Amino acid sequence: MTMFRIGEAAELLGVSVDTVRRWIDAGRLPALRDDYGHRLIDGATLAGFVQAQGGEPAERTEESSARNRLRGIVTAVVKDTVMAQVDIQAGPFRLVSLMSREAVDDLGLEVGSVAVAVIKSTTVVVEKPATTAGSRGRTGP
């Protein structure tokens, strides 16, 4: 069973340590205490919480570009005899990877474990903000 300290959970979720503490104090995110009194969050519990919080970000960023490496937490693993599907929640982003079952087993991927999705593609997405009233560009010569 994978356990995360508050700082590790905050990093995986892309929020501050104080935010994770508030979620725990409010009962939104269950946590246990270790022998030293430190709060720990079970990996499967964190995966369920992340999955429930996931989806599209509330606001679009003004500028964005796809990143090549996204660190997150495994929220689902579906395996058959040859292939597997692994879902990763990296901040507000849900990533789905299809790979061999052997690769999943070799990597020891399970719900609640940390994984890094490495994206290699010939397509790079670059976005600019939508045009606003004050910046419509050139209107003529």
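Predicted model: local features only at pLDDT ≥ 70, side-chain atom pairs only at ≥ 80, totals over all residues.
**How the helices and sheet get their labels**

User: Why are H1 and H3 called roughly parallel to each other?
Analyst: The axes of H1 (residues 6-13) and H3 (residues 43-53) cross at roughly 30° and come within 12 Å. Under 35 degrees counts as roughly parallel, over 145 as roughly antiparallel, 65 to 115 as roughly perpendicular, and the rest as oblique. H1 and H3 are therefore roughly parallel.

User: Which residues meet where H1 touches H3?
Analyst: On the H1 side they're Ala9, Leu12 and Leu13, and they meet Leu46, Phe49 and Val50 in H3. Contact here means heavy atoms within 4.5 Å. The residues of this contact split into 6 nonpolar, no polar and no charged.

User: What makes S7 and S8 edge strands?
Analyst: The open sheet has 4 strands in the order S7-S6-S5-S8, with antiparallel pairing. S7 (93-100) and S8 (114-118) each have a single partner strand, so one side of each is left without a neighbour in the sheet. From one strand to the next, the twist averages 45°.

User: How do you know that S5 and S6 pair?
Analyst: Two strands pair if DSSP finds at least two bridges between them. S5 (residues 69-79) and S6 (residues 83-90) have 6 bridges, in the antiparallel sense, so they pass that test. One of the bridges takes Val78 to Gln85 in S6. H3 packs on the sheet too, touching S5 and S6, and its direction makes about 100° with that of S5.

User: What about S6 and S7, how many bridges do they have?
Analyst: S6 and S7 pair over 8 bridges, again in the antiparallel sense. In S7, Arg94 is the bridge partner of Gln89. The two strands form a hairpin with 2 residues between them, and Gly91 in the turn has a positive phi of about 60°.

User: How many helices and strands does the chain have?
Analyst: There are 4 helices and 9 strands, counted as DSSP runs (H or I, at least four residues, for helices; E, at least two, for strands) and numbered from the N terminus.

How values were computed. Residues numbered from 1 in each chain as written. Heavy atoms only, no water. Axes fitted to C-alpha atoms, helices over the stretch in contact; angles between N-to-C directions. Nonpolar A, V, L, I, M, F, W, Y, C, P; charged D, E, K, R; others polar.
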